[in-house]
Amino acid sequence: MTCSLINYQLVSACYLERIDLSAHGFFITPDIGFDWKSGKGNPFRYFTYGAAFSEVEIDTLTGDFHTRRADVILDLGFSLNPAIDVGQIEGAFVQGLGWVALEELKWGDKAHKWIPPGCLFTCGPGTYKLPSLNDVPFKFNVSLLKNVPNTKAIHSSKAVGEPPFFLGSAVLFAIKNAIKSARAEAGYSDWFPLDNPATPERIRMACTDEFTRLLVDSDFRPKLSV
């Protein structure tokens, strides 16, 4: 109690005197010189690398899908806090899953006359499909590459960054492979489009069968959003 009171008095005194109690710092990464055209040079020292594998199950009659399994591995050097880093990877992957398979934007245009022209309709939780607990892979394995110190960074670590977000695209490619198998059973082996996001409507119409053949060609591309 005494210690807390002293801290409170100290903070209050500093606040009234306009004394900044926060710490500031800035790190300038040295020796950056990378040629993106040739792929040679010294890139940013926190570059993060990873890979992901996903297994999905689709319902060919409704277009619904579930991610049965996802395996993710990332090179984060010597992680400063593996618990935090793994949590960041899990969250980013599920966010990426939403981007590639759930989050469809609808704008006001000729196809959506009930929306004011140029206005974004899907701008809140009532109209915008976000990933939920039901969208998390049933079996979700996340691991960090071992014994790969980033010798030119602080404590040989790396930042998580955006890479695990894009690894969610593994779900999109798994969905397309599942659709490809369904089409093969129906006697179709030709190329077909599958735009991002792979919504249930797009999955269903891509699964060409005796029902969709009555309405559209096998390379039909639904225009569900702008």
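Analyst: Ile203, if its neighbours within four places in sequence are set aside, is in contact (heavy atoms within 4.5 Å) with Ile58, Gly63, Phe65, Ile175, Ile179 and Ala198. This is a predicted model, in which local features need pLDDT of at least 70 and side-chain atom pairs count only at pLDDT 80 or more, while totals for chains, interfaces and linings use all residues. Residues are numbered from 1 along each chain as its sequence is written, and side-chain values use heavy atoms, with hydrogens and water left out.

Ile203 also belongs to the residues with the most contacts inside the largest nonpolar core, together with Ile58, Phe65, Ile89, Ile175 and Ile179, and that core has 30 residues. A nonpolar core here is a set of buried Ala, Val, Leu, Ile, Met, Phe, Trp, Tyr and Cys residues joined through side-chain atoms within 4.5 Å, where buried means under 20% relative accessible area, exposed over 50% and partly exposed in between, with a 1.4 Å probe and protein chains only. At least two core residues each come from strand 3 (49–58), strand 4 (65–75), helix 2 (82–101), strand 5 (139–144), helix 4 (169–185) and helix 5 (200–206); helices (H or I, at least four residues) and strands (E, at least two) are DSSP runs numbered from the N terminus. Helix 4 gives the largest share, seven residues.

Helix 2 deserves a separate look. Its buried residues include Asp85, Ile89, Phe93, Leu97 and Ala101, and the buried residues of this helix pack against strand 3, strand 4, strand 5, helix 3 and helix 4.

Phe93 counts as buried because its relative accessibility is 0%. Trp99 and Phe166 form another tilted pair, 6.2 Å centre to centre with 50° between the planes. Because Trp99 lies in helix 2 and Phe166 in helix 3 (residues 163–166), this pair ties together parts 67 residues apart in sequence.

Definitions and conventions
Rings of Phe, Tyr and Trp (its six-membered ring) pair if their centres lie within 6.5 Å; planes under 30 degrees apart count as stacked, over 60 as edge-to-face and the rest as tilted.
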